[in-house]
Structures are given as C-alpha cells and as structure tokens.
Amino acid sequence: MFSSMLFSTFCLASALLSIVHAAALPVCGARQEPAISKAGKTVAYFGQSQSQSTDSLAKFCADTSVDIIVLAFVNVIKGRRGLPGLNLSGYCWDPIDGTDLHRCPEFGTAIKDCQARGKLVLMSLQGASGMQTLADDAAACEYADNLWRLFGEGTGLESMRPFGDARVDGFDIDNENNNSNGWPKFISELRNKFASASKKYYISAAPQCVRPDKSIGSAIYLVDYLFIQFYNNYCATTGLVSCFNNWSEDIAANGIAGAKVFAGFLGAPDKGQGYAAHSEMIGYVSQIRSKSNFGGVSVWDATCANNNVDADGRTFLKAMRDSLQ
Ligand SMILES: *[C@@H]1O[C@H](CO)[C@@H](O)[C@H](O)[C@H]1NC(C)=O
Ligand SMILES: *[C@@H]1O[C@H](CO)[C@@H](O)[C@H](O)[C@H]1NC(C)=O
Ligand SMILES: *[C@@H]1O[C@H](CO)[C@@H](O)[C@H](O)[C@H]1NC(C)=O
C-alpha cells in the first residue's frame, strides 16, 4: 500500500520529465558512448548456479577475465507488499520482512569492490522463471521506480534495500515469457532517473538469438548492451555467425547511438543446448568481432564457466578473454 502511494507521486513527476527528455534527445545528442574498448568486454551472469560452496560475487570481481557481472535475478515484478522479488538462489536467502526481497550484505560489499576495480555490476530482471508481465504503462513505471529505490539512487525504501547502500550500475532485461508489453516504457522511466543520477547507469537486454525476440520486442532498440543468447535455439553455433550479423546490422540501423552487441555462450555443456567449447567459441568470435558494434562475449554463467577447464588448464572465462585479444 505505502509503495503505491509513493509510486503515484514519483511516477507522475517522471512522466512529465519524460516528455522533456524525449524532446531534448535528438537536439543535443546527450547520450554518451557506452564504455566499451575496441577489444570488447567479457560479461558473466552470477547468482543462479547450484555449485556455490566455493563461489561468491567477490571471487568473480577479483577474476581479471571478467569485466561486467550480471546478477541473476529479480524474478518477481510485483510480489508481497507490492515490491519486486529477488532470487540469488543459495547465495543469499535472508527474507526482508514480509517481502520477496532478501538482505545480502556480502553482495553490497562485493559490488563496491567490483566497482573499485572498474567493473560494472548489473541487476538482471526476470530470467526463465520470471512469469509476471507489465500490464500497462503504470505498471512499467511503478516497477522502474521500485527498482531505482531498491538498487539505484531512489529514496524511500532504504530499509528494504538488498545490497544496503551499494548501487548497481544498471539493469539487464532478461525477459523470457513471450510478452514484451511495457518494456519500452520501463526503459524510458529508468532513463529519466539516470539523467539526474550521480554516475552513469546502463540498460542491457538478453534476447534469445531467434529474431524477432517475442519477450523483449522493440525494447532491443533502446538498450546500451545486448547479450544475445546463442544457445537453446537453432541459431546456436551453426547459425551463430549469420544470426549475429543480422542482429548487429539491425541494432546499428535502429538501436541507440553506441549500442553494443555481445555474443552469449553457455559456460559448460550441461547448462543447455548449443554449447561451444573453448576453442570453438574463440573461432566463432573471430568471425564476428570485426563488426563495428561488436561489444564482446557473455556467458551463462560465471560458476560453471570457471569450473570448465580445457586441456591447457584454461577456464572458459579466461578463454572468453582470449577470444578478444
Ligand atoms: C530460486 O532460484 C533457485 C535457483 O534457480 C530455484 O531452485 C528456487 O526454486 C528459486 N526459489 C524461489 C522461491 O523462487
Ligand atoms: C515462448 O515461446 C517459445 C517459442 O514458441 C516456447 O518454446 C516457450 O515455451 C514460450 N515460453 C513461455 C513462457 O510461454
Ligand atoms: C539473416 O538474415 C538473412 C537476410 O534476411 C536471412 O536470409 C538469414 O536467414 C538470417 N540468418 C539467420 C540465422 O537468421
């Protein structure tokens, strides 16, 4: 209840701002080029793996093979007390009073450590278990507002913040429920908040390689980074180069200025269909990395990619780094 009262005030204010912001964009070209080097970046999802006894966010922050860590997942849009729900599996399960959120202080510490090392930490939304949808613009707006207050710079939900005063660097849309409704509005709401924030924030999306993606829809044209899932579909492996090129050209023509496209791989054969082993993955990357909007490589997920070592003792994460050299 209290959250929907706050929402109506915040949402109206940002809806008004959104008109100003949208009108100002083409005139001043205010958006900065996302921070991707020529070589490209490595991206690893973290938080859903079951083999977690020796793993932690801090461990992957310290791994020089990883540039961007994507936490998985905020899997509930509107749960108890009207707030989003967080599932970092066994890495954090300390429910916050009457909500579907969890208190994860060690994540807060690790996020700050990652950022001090120049790495980005994004909070991923939905995932394969994220079945809730955004019914309308008001729902998209409320969701953006709550996420901003729980994980970003918004105020009013301090006692519910899973990572304490640590702030993530942005949000990743990994919607997979075949309903793309509301995501463009969600993004514009977040962009309004980012415009007056203390640092740069990013929005990414993780569509399946099959085009067009039914779950993310036209929101693919509004994000900074696309972590395309080249697995569990026909466009994994054999179709990868052709499909990547189609994505790259579409985003170059229709995406926001500076948007980058990443090729997403499985970190181990048992994580799904369409696994490409270390050297095979490097071979694919060599065929797509000359694209001007190539952003790098991503992996599902950090834990299995770290445990997956080739004959030379090289982790899949290290092979990802090598693919960009
Ligand atoms: C949280 O995620 C784990 C790993 O995916 C899953 O096994 C578990 O059922 C989820 N729990 C809830 C309450 O969604
Ligand atoms: C989404 O559509 C795909 C392809 O038709 C299907 O395989 C998948 O099960 C659908 N997912 C949901 C959550 O309905
Ligand atoms: C890429 O686009 C071309 C031209 O539209 C099409 O023929 C081809 O099938 C597409 N490739 C994939 C893997 O979707």
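Ser89 is buried, with a relative accessible area of 10%, where buried means under 20% relative accessible area, exposed over 50%, and partly exposed in between (1.4 Å probe, protein chains only). The model is predicted: local features need pLDDT of at least 70, side-chain atom pairs count only at pLDDT 80 or more, and totals for chains, interfaces and linings use all residues. Residues are numbered from 1 along each chain as its sequence is written, chains are lettered from A and ligands numbered from 1 in the order in which they are written, and side-chain values use heavy atoms, with hydrogens and water left out.

**Exercise 1.** Describe the backbone and the location of Ser89.

*Solution.* Step 1: the phi angle of Ser89 is positive, about 45 degrees, although this residue is not a glycine. Step 2: Ser89 lies in the loop between β3 (85-86) and α3 (105-116). Helices (H or I, at least four residues) and strands (E, at least two) are DSSP runs, numbered from the N terminus.

**Exercise 2.** Determine where Gln126 is found and whether Gln126 is buried or exposed.

*Solution.* Step 1: Gln126 belongs to strand β4 (residues 120-127). Step 2: although not a glycine, Gln126 has a positive phi of about 85 degrees. Step 3: Gln126 has 0% relative accessibility and counts as buried.
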